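Please read the following report alongside the sequence and the three-dimensional view. It begins with the annotated regions, then turns to the overall fold and to two local sites.

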Amino acid sequence: MKSRTKVVVIGGGIAGCSTLYHLTQEGWSDVVLIERNELTSGTTWHSAAQVTNFGMTQTMVGLKTHSINLYKELAEDPEYPINYHHGDGGMRLANTSEQIQAYRHFTSMARGMDVHFEVIDAEECARRHPLISTDNLLGGLWDPLDGDIDPAQLCQALARRARAAGAEVYRNTPVNALTQNKDDTWTVHTDQGDIDCDIVVNACGYRVNEVGAMMGVHHPVASMEHQYFLTEEIPAIRDAGHRMPLIRCPISDYYCRQEKNGLLVGFYEQDCKTWGMDGIDPNFVNALCPDDLDRVMDVLEGAFERMPALRETGIHTVVNGPITYTIDGAPLVGPIPGKRNAFCIIGLRAGLGEGGGHGWLLAQQIVHGEACYDTWVIDPRRFTTHANVELTALKAIEDYQNEFRFHFPHEHRPAARLAKTTPLTPVLAAEGAEFTVVSGWERVDYIKPAPDFHPTLSFDFDEAFDVIGAEVAHVASKVGLCEVSGFNRFEITGADRHDFLDRMFCGKVTRRAGRIGLGYLLNHHGMVKGEATIANLPASDRGSERVWYGSAAASEFHDMDWLQSHMRGDEDVQIRSLTADQTILVLAGPHARNVLAACARGDWSKAAFPWLTVRECFIGYAPATVMGVSFSGEHAYEIHVPNASLYAAYLALRQAGAGHDLKLFGARAVESMRLEKGFLHWKADLLTEFDPFETGLGRFVKLDKGDFIGRTALLQRQAEGPRKQLVTLKIDATNAPAHGGASLMQGAQVVGTVTSGDWGHRVGLNLAYAFVTPQYAETGSRLQLDLCGELVGAEVIAPSPYDPDYTRMRS
């Protein structure tokens, strides 16, 4: 065995083999895979191995398309062909109009990735799969490239190609320990000796946390027992003359595909079961769990109703094996939070079908620092301190029970709620708040008009439309109060803090005490990496001069990793997280200054406390830090309060606001207002696929200020000109918003993709942001939006249709 290599990949299933192969494709041949037993001896060997193009985001569709193209290439390799049933076709069934509407949205979204789904009616479903009944069926989503593949052959083919490119594979080599050295390289300790490497990759399937423990980390991955069976021969399949398409059924929680002349039928039962919670037998290799068909009888009855032929055939094999889940069902592919030179590719519940694409994107991140797509949807850092074993298991159970049921807009499922709360959570609940979840934090979505108010799950505007409109109108005309929980907040100290931040941001970083600035971080390719508010707090009895760095709640681990990885050893800079220590109360509206002045001493006039300034004070007797900033477009204050004093500050503000008709508002009102103002959302509109000029942030870039991360690449990109341009759109529809991922058309050509959309209640417009081909970015350009299968008009309008001169915010 080698004693030194560039990368060690631990795990010989689809995740590890795909990563190893793709590292060689990215030009790194000095790479090694280590497997404790034989390749595919974990979950991979018993996978149902279905390969679909379907995904709920464009990133997921793109990586699945890569998998399909790669697998087809491997299957056609004359030197080592593998069994891949490519293009059998597959359908996801539906029995409600809301499901059909959602399938039409996913069809629109996939078209932007050059993937073409079809929404078909019940009769067409039965024509394409003659074994199914149309009872209680409206139709389905058809994926023409759906198929299945041989798991062992696939992994061996990837490993074979990787070896041919210079990689090495060591089987029967258990990893016993991992040591991170002072220079952040790693030593991998195995039964066959030690191997030093620059980078280590955890690709260990259901043993992920055994290797995680060797690094001192826990990964939010839990395993579920999953059963399928293989039937005896079915004459209708034998005599059909073609392979049967795959079926995935959210109505009855099962799937099936052809296996020889019978069927493979798998189940997602409600009475499901976690696995390995208290440890895994070291000898569990190429092994299965005991059969337990009694547990799936309710699901099986539904499958019998949909496919009566199942009642007339026998079962010859039952497979019950562990598969892995994460908190939201999507894998963890990318940097391991808090570790240097450590990556993971884990939680791949549909690993065979999409593992080719996951390994492709991970290899790009390892070699180039970023992938061709924005990978936040699979980034391991999207879960933070709430992601413990117990919570992960509860969410895994919930996701398993809803395997084929996609999330609707504004749907927040109940498992493992209240993971992160503030002292105000029960208070606001008593006020009638409906909550959403942001990075585990409970955050007010809106205030319900009645306790039994439950809007319909739909891709249309729902029954909360007028409720949101009333909240917006009240903020615009009077004053509102909103709690923003979980907002990411770092305190940065040290003599070199401003020089450090100047290097991190692409624009000017204000250094004046008491002032606030907004800035953008780029990656080394000149693309938008992050957005943050910088507030310079003056020295006081609460501390010396310091900087508060504020960014989106979900960015907590992401931003800390990025900042810490660029701190130089000779710099006097310290970073401390305050995210869990403080909460923001947003006071917004034309009467906000009067309310603040009524409960906080000092001069709060425009002259004494203008826009973009920060001051420490007391709200009543609660210590607070007030910032003159606004995400709503109205005159507003962010009031940062230690959680220990949050309730006291809240009561003081409510009492001070009583004479000004102060009312509560929530996150959905904020979303509407920020779209009207041209304010962007991180990982909705701010993506690593685009640079700041393409994103409309040129005013925040100072190329002449000296060096900063991404400057060289950005200069080159500027010279080449934009590939896409972010625009604001007015949508010619009143029934539904434009949802992220929807395609914009010019004739039959896709020319853009929506990033976010909502109704602008103050301007009375259906608004959206989208990246479009530059020739269609001019104000007045007319396009067509594929809005859940209906082509509607869309017009490019000037950004910030509400108060474009910012007069209300500055008042």
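## Annotated regions and fold

According to an unreviewed UniProt entry, the annotation "domain: Aminomethyltransferase C-terminal" covers residues 724-803; UniProt positions are given in the numbering used here, feature names are shortened, and annotations may be inferred rather than shown by experiment. The model is a predicted one, in which local features need pLDDT of at least 70 and side-chain atom pairs count only at pLDDT 80 or more, while totals for chains, interfaces and linings use all residues. Residues are numbered from 1 along each chain as its sequence is written, and side-chain values use heavy atoms, with hydrogens and water left out.

UniProt, again in an unreviewed entry, places the feature "domain: FAD dependent oxidoreductase" at residues 6-364. The table sets out both spans, with helices (H or I, at least four residues) and strands (E, at least two) taken as DSSP runs numbered from the N terminus.

| Span | Distance between end C-alpha atoms | Helix | Strand |
|---|---|---|---|
| Residues 6-364 | 15 Å | 28% helix | 28% strand |
| Residues 724-803 | 26 Å | 0% helix | 56% strand |

The chain as a whole has 19 helices and 39 strands, and its C-alpha trace spans about 85 × 60 × 50 Å along the principal axes. For 811 residues a compact globule would have a radius of gyration near 28 Å, and the 27 Å of the chain agrees with this; the radius is taken over C-alpha atoms, and the globule rule is 2.2 Å times the number of residues to the power 0.38. Of the 811 residues, 61% count as buried, where buried means under 20% relative accessible area, exposed over 50%, and partly exposed in between (1.4 Å probe, protein chains only).

## Two buried sites

Phenylalanine 459 lies in the loop between strand S22 (441-447) and helix H12 (465-477), and this residue is buried because its relative accessible area is 4%. Not counting residues up to four places away in sequence, phenylalanine 459 touches several residues, including Gln101, His105, Phe406, Pro737 and Cys788, a contact being heavy atoms within 4.5 Å.

Helix H13 (residues 497-504) is largely enclosed by the rest of the structure, because 7 of its 8 residues are buried. Those buried residues are Arg497, His498, Phe500, Leu501, Asp502, Arg503 and Met504, and what covers them includes strand S24 (488-493), strand S25 (516-522) and helix H14 (556-565).
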